[in-house]
Amino acid sequence: MIKETDLNTAIWLLFLGVPLAAWQMGEIYTITLATKICVLALAGVGLNIALGLGGMVSLGHAAFFGIGGYAMGILASHAQSYAPIMETPFLIEGTKSMPVIWVLAIIMSGIAALAIGALSLRTNGAYFIMITLAFGQMIYFFAISWPAYGGEDGLSIYVRNDFPGLNTLVPIQFFALCFAILTAVIFLSSRLEHSRFGMALQATRQNETRTQAVGLTPYKIRLIAFVISGMICGLAGAVSADLNRFVSPTMLSWHTSGEIMIFVILGGTGRLFAPLVGAAIYIMLEHFLGGVSDYWQIFLGLLLLMVVLFAPGGVIGLLTKREAAHD
Amino acid sequence: MTDILDVRAISKSFGALKASDNISLSLKSGEIHALIGPNGAGKSTLINQIAGGLKPDSGSVHFAGQDITSLAAPARARLGLGRTFQISQLAPEMTVLQNTVFGALGSDGRVSRFWHPVMKDKPLLEIARSALERVGLAHRSGERVSEISHGERRQLEVAVALTQKPKAFLMDEPMAGLGHGGSERLTGFLRDLKQEAPILLVEHDMDAVFALADRISVLVYGRIIASGTPTDIRSNPLVREAYLGDEGET
Amino acid sequence: MPLALFAEQVLNGLQFGVMLFLMSAGLTLVFGVMGLINLAHGSLYMIGGFICAAVAAFTGSFLLGLGAALAGAAAAGVLVETLVIRRLYARDHLDQVLATFALILIFSEGTRWVFGSFPLFLDVPDLLSGPVSLPLGIQYPAYRLMIIVVGLLVALGLYLLITRTRLGIRIRAGESDREMIAALGVDIAWLYTIVFALGAALAGLAGALVGAIQSVQIGMGEPVLILAFVVIVIGGIGSVKGALIGAILVGMTDTLGRFLLPQFFATFMENTSATTIGSSLASMLIYILMAGVLIFKPQGLFGGAS
């Protein structure tokens, strides 16, 4: 059987190679699809920390994805219109700089994750699922009913934001940027998985009583992981908004939460490269089946059902024949 | 000898049921204090109140000179209350060594470190390995917990507790499910261990209890009906009645 | 503010709450008895709405539509339970969430395939189309009043079912101890199917009843599903009584919040921003209510009893 690390290297090279080849052949659309996969995979990597390592079945991660998106939308729209965000007590202006936007997206989604996590993690099991879902929905409805930033219609940003030294409007350059972020975040999450904190988080998922007996507080460990997870989703949201040059409440809807979860599951819960594989499968299904039938989501549903019922280790699990990481 | 653990007049009720009725109990350094009693006597409830899973309705629990009644379980563990469980509580997907390292990590306490691999952390590994040596489980270090036998899990629980260098042990039926040989080995081990830290032992295996305990307390219907040396307990008429009476009913 | 207007809003809140109860009762029963979290419950609501609209349009009889919706949703419930859901009882919550999310995709797209993307409209039956006069000079639509009555009757029926019948005894036994009930020789698989079908029928009933007030469309069940979750979190998982009280609390809070908050803000700020802030806050009110309950009673108002 294939070793998981070899498989991961192969996947990584494939994801670098295909867009480069497409660039050579002038297949711009393929590059855009690959960029989309990177961005969605990034959100999946974020969720995977809460879900795969921490066992927290959150159906509210769209909130953090969307908050990251709106952080970009709000900052860029103010920069676009030259109207400051606020003048009193101190001046805050919009910006078109991606690094600044990303930092703010990470901070804002981190704060939201702290608030939602602090309340939701007081419970567990089915309560946790319903509560994260409900808080996600609260932010969704707020975005719809608050008219300042487009309400239900969302916000368009006409020109992609800037990154020092790159022309982000060139698809292959923007892809390279997204791919670099994804690689860096995957690397960070792998360090986290094997760190002291990673051990504590995984042990807490496997047996909370054990964590308490060694003198650690499960709530704190989970909350830290939930916030890290939310921050990565926030970053993914900001990058995704830049990819689409558009943000709308759809980013915040619970379907988005479900989709991010699907990426993780199709790939294989708790595995490092699962989100990338899962996002790729999702985007390709959408691309190819969507061309054949308007009702392609029926097939997505059936596939998901089959994976859940018969292949709990996801695709990477099938290829490496190891048990599901979350059993 | 000083009291490391001191339970003062705790009571706990669930509805009309008095699970703990004004229980006082102490643990002195160097001793094994066994807690026995028929099923449903309230042993688990009592252990839970000492370990921090349940809060007593009244009374207090003191540990190492500190009132710990309102502390949660993790805080009590950090103060040095080591615990093994009636049903093994381990991280099943982690290896034997990882579980032990996790124990060491817990007592170290510095958990917010996200970069360096924990399994290359020399001080933690050393503590973990020596604990595994002591319980005789070093040769199984690389096995996942889900793969090892029931008896080995019991040994591992003791090893994890050891990594925490506890001031006292709380052991809930450590002999349960061990074969005769296993019980005997563990009995020998606990006899040595008590010099290091005293043990409050809940146990059904009467041979082990009478072989090990310096003191025995008998819990029946939430109350301690007798407390004393094994010889005292053996000849105590109340205890005989409680046990025989119970056997007569079932 | 005129009393009649306020009373009308209270009745609207009650009607909304009663409808949420029909959704939550099934969810909470299924969770309490089988330990299953079912995201596809909203799809059964949607199925009820579509069947009712289609049958009512075909036969011209709302009552036939309603009956067909109940039977159809129950049948759909039996079908998914035997094909998919029963494989999930022993699984963890993550698998349950994913599989039932997959069912939502299948149901939603399947319905779109059969009925198309446009909403269907369902007319209120002639008999109930007008208003009724209530004391205090209140005029209230007869149809909405009927929903309140039906919902309260269902609540009463469920209460009697659970406390007075053999099935109810088994449901309660199943909640407290699954192995015990299997040991008693009750066919547990059959019991689970019945409970699931009952929950499905209630969801279908809710979908059909609401279909005549709002439009019948794809995805109509999902906002209601999430509200039902809020209800269950507030009431306590597994408690039908909690579901009833939680549902009415949520229905009232939401309706009255939307009605009163903009007026409240208008007392000290100018009108447009009062409307904006008021309605934004109102859309979040029930979630704030939920957060409040969580802080003080993490297991819900009636949780932990069973």
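**Exercise 1. Work out what secondary structure chain B has, and how its radius of gyration compares with the globule rule.**

Start with the elements: chain B has 9 helices and 10 strands, where helices (H or I, at least four residues) and strands (E, at least two) are DSSP runs numbered from the N terminus. Next, take the radius of gyration over C-alpha atoms, and the globule rule as 2.2 Å times the number of residues to the power 0.38. Chain B comes out at 18 Å, close to the 18 Å the rule gives for 250 residues, so it is as compact as a globular protein of that length. Along the principal axes, its C-alpha atoms fill a box of roughly 60 × 40 × 35 Å.

A word on the model: it is predicted, so local features need pLDDT of at least 70 and side-chain atom pairs count only at pLDDT 80 or more, while totals for chains, interfaces and linings use all residues. Residues are numbered from 1 along each chain as its sequence is written, and chains are lettered from A and ligands numbered from 1 in the order in which they are written.

**Exercise 2. Find how the two domains of chain B are laid out and what joins them.**

First the bounds, which come from an automatic or database domain assignment: domain 1 is 1-80 + 167-250, and domain 2 is 88-165. Their C-alpha centres lie 26 Å apart. The contact between them (C-beta atoms, placed from the backbone, within 7 Å) takes 7 residues from each of domain 1 and domain 2 of chain B.

**Exercise 3. Check the length of helix H6 of chain A and list what it buries.**

H6(A) covers residues 171-194. The expected span is 1.5 Å times one less than the number of residues, so its 24 residues should span 34 Å; the end C-alpha atoms are 35 Å apart, which agrees. Now pick the buried residues (20 or more other C-beta atoms within 10 Å of the residue's own, C-beta atoms being placed from the backbone): Phe174(A), Phe175(A), Cys178(A), Phe179(A), Leu182(A), Ile186(A), Ser189(A) and Glu193(A). These pack against H1 (4-25), H2 (28-53), H7 (196-206) and H9 (218-244) of chain A.

**Exercise 4. Describe the side of chain B that touches chain A.**

Count first: the contact takes 30 residues from chain B and 21 residues from chain A. Then look at the helices: H2 (73-79) and H3 (96-108) of chain B each supply at least two residues of chain B's side, and H3(B) gives the most, with 6 residues.

How values were computed:
A residue is buried if 20 or more other C-beta atoms lie within 10 Å of its own, exposed if 12 or fewer, and partly exposed in between; C-beta atoms are placed from the backbone.
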